[in-house]
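Student: I have a model open and would like to go through its side-chain contacts with you. Could we start with the charged groups and then move on?

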Amino acid sequence: MFHSFLIKYAEIGIKGKNRYLFEDKLISHINTVLRPLDGKFLVTKEAGRIYADASEEFDFDEVVDALKRVFGIAAICPLVRIEDKGFDDLKEQVVKYVGDVYADRHFTFKVNSRRINKAYPGTSETINADLGEVLLQAYPELKVDVHHPEMLLNVEIRKTCVNIYSLVIPGPGGMPVGTNGKAMLLLSGGIDSPVAGYMIAKRGVVLEATYFHAPPYTSERAKQKVVDLAKQVSKYSGNIRLHVINFTDIQMYIYQNCPHDELTIIMRRYMMKIAEKLAQKNGCHCLVTGESIGQVASQTMQSLQCTDAAVEHMPVFRPLIAFDKQDIVDISYKIGTYETSIEPYEDCCTIFVAKHPVTKPFLDTIEKSEKNLEEKIDEMVQTAIDTEEVIACW
């Protein structure tokens with residue numbers, strides 16, 4: 001019965017004179033996710049409202065699932081839009097709406113009408129009362145509750161039509177992707193980094209990603225796992241270019257020349273250095289990681305200080321910094337990355353983890369150890385960047 005959707009946004013509404021830019025970006029993303037579906041939709045905006053109107057039949061669940069992946073949408077409201085033929089016709093349409101949408105009508109309700117068309121006869125209060133009376137006559141099992149109704153029937157009387165809706169499906173919230181710059185995500189095969197990418201994209205940030213591959217210590221299946229994760233995140237963030245860096249030679253060089261309890265920190269620092277160079281090369285404004293304070297040895301406050309010091313020209317954002325592990329797991333379930341993340345394919349970090357890694361490193365000590373690498377490390381870093389593999393993930 002539904003042929004339209006009212007798309008509500010939240011934070012976009014406070015953007016003042018620039019609001020139209022955010023609205024237009026949101027409309028562009030809505031068009032993108034609806035284009036592959038069988039139904040033909042026209043997406044328009046009108047006085048703070050965004051509508052998606054279908055010109056033919058469509059799969060309701062498929063459309064809702066697509067819209068629930070568009071950042072910037074606060075709520076999705078399946079809508080009945082009718083021509084304004086007067087109040088008597090509106091009464092009939094409201095009764096029909098409730099009868100069509102609700103098979104079981106044993107619930108409390110309230111009518112909430114808005115007269116955008118001020119020439120429409122009556123006031124919002126009298127319209128609420130009259131429509132409520134009609135519904136009670138048609139469906140005696142209904143009960144009115146103006147304070148805590150189980151069903152809120154919204155009736156918007158606009159200039160050329162009347163909108164009727166009661167279902168409000170939560171959207172993902174956030175800001176439309178592409179309205180807040182570009183980031184380079186350090187993506188591994190674990191649970192955390194895909195969630196970090198999702199969280200930063202939710203703030204309107206375009207994503208690129210870097211994955212550090214270490215053949216033969218990590219398999220092609222491990223790389224494919226990361227590609228699969230990037231594709232899953234891209235369902236929310238839009239297209240992601242994955243930069244695959246061969247890190248084997250650098251890891252072995254560090255392993256051979258640095259104290260083993262410092263391996264994790266030093267390897268992580270060189271990952272950050274390489275990721276920063278890739279970020280600069282590809283127009284990114286920051287690095288993003290999936291680290292959370294104290295989760296593992298490389299994520300203590302002192303360890304994070306040491307890894308941050310390797311980045312010279314841009315900030316490092318950590319959306320999960322204060323999350324408990326269960327919080328992260330819950331989001332990974334929601335966005336569909338959990339099952340892929342727990343596949344038993346090792347990434348390059350886990351292969352070279354020391355038995356007793358340092359948990360409270362001192363930066364000057366780490367930098368002193370890195371002097372053992374000076375002979376070849378710069379050349380090796382440049383070779384790793386020059387031989388990157390770029391994979392389109394969408």
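Student: How many salt bridges does the count come to?

Tutor: Bearing in mind that this is a predicted model, the count comes to 24 salt bridges. One of them joins the side chains of arginine 49 and glutamate 156, with 2.5 Å from N to O.

Student: Where in the chain do arginine 49 and glutamate 156 sit?

Tutor: Arginine 49 belongs to strand S3 and glutamate 156 to strand S7, so that the pair links distant parts of the chain, 107 residues apart.

Student: Is arginine 49 buried or exposed?

Tutor: Arginine 49 counts as buried because its relative accessibility is 16%, which falls under the 20% cut-off. Glutamate 156 is buried as well, with a relative accessible area of 2%.

Student: What about lysine 96, which partner does it form a salt bridge with?

Tutor: Lysine 96 forms a salt bridge with aspartate 100, and the closest N and O atoms are 2.7 Å apart. Both residues lie in helix H3, and because they are four residues apart they are separated by about one helical turn. Lysine 96 is partly exposed at 48% relative accessible area, and aspartate 100 also counts as partly exposed, at 42%.

Student: And which residue does arginine 241 form a salt bridge with?

Tutor: The partner of arginine 241 is glutamate 208, with 3.4 Å between the closest N and O atoms. This pair too links distant parts of the chain, since arginine 241 is in strand S12 and glutamate 208 in strand S11, 33 residues apart. Arginine 241 is partly exposed at 33%, whereas glutamate 208 counts as buried at 5%.

Student: Switching to rings, how many aromatic pairs does a search of the whole structure find?

Tutor: The search finds 12 aromatic pairs. Among them is the edge-to-face pair of phenylalanine 212 and phenylalanine 247, with 5.1 Å centre to centre and 65° between the planes. Phenylalanine 212 lies in strand S11, while phenylalanine 247 lies in the loop between S12 and helix H7. Phenylalanine 212 is buried at 5% relative accessible area, and phenylalanine 247 is buried at 0%.

Student: Last topic, helix H6: what does H6 pack against?

Tutor: The buried residues of H6 pack against several elements, including helix H5, strand S11, strand S12 and helix H10. Among those buried residues are Val226, Leu229, Val233 and Tyr236. Helix H6 covers residues 220-237 and reaches 25 Å from its first C-alpha to its last, close to the 26 Å expected. After H6 comes glycine 238, whose phi is positive, near 85°.

Technical notes: Residues are numbered from 1 along each chain as its sequence is written. This is a predicted model: local features need pLDDT of at least 70, side-chain atom pairs count only at pLDDT 80 or more; totals for chains, interfaces and linings use all residues. Side-chain values use heavy atoms; hydrogens and water are left out. Helices (H or I, at least four residues) and strands (E, at least two) are DSSP runs, numbered from the N terminus. The expected span of a helix is 1.5 Å times one less than its number of residues. Buried means under 20% relative accessible area, exposed over 50%, partly exposed in between (1.4 Å probe, protein chains only). Contact means heavy atoms within 4.5 Å. Rings of Phe, Tyr and Trp (its six-membered ring) pair if their centres lie within 6.5 Å; planes under 30 degrees apart count as stacked, over 60 as edge-to-face and the rest as tilted. A salt bridge is a side-chain nitrogen of Lys or Arg within 4 Å of a carboxyl oxygen of Asp or Glu.
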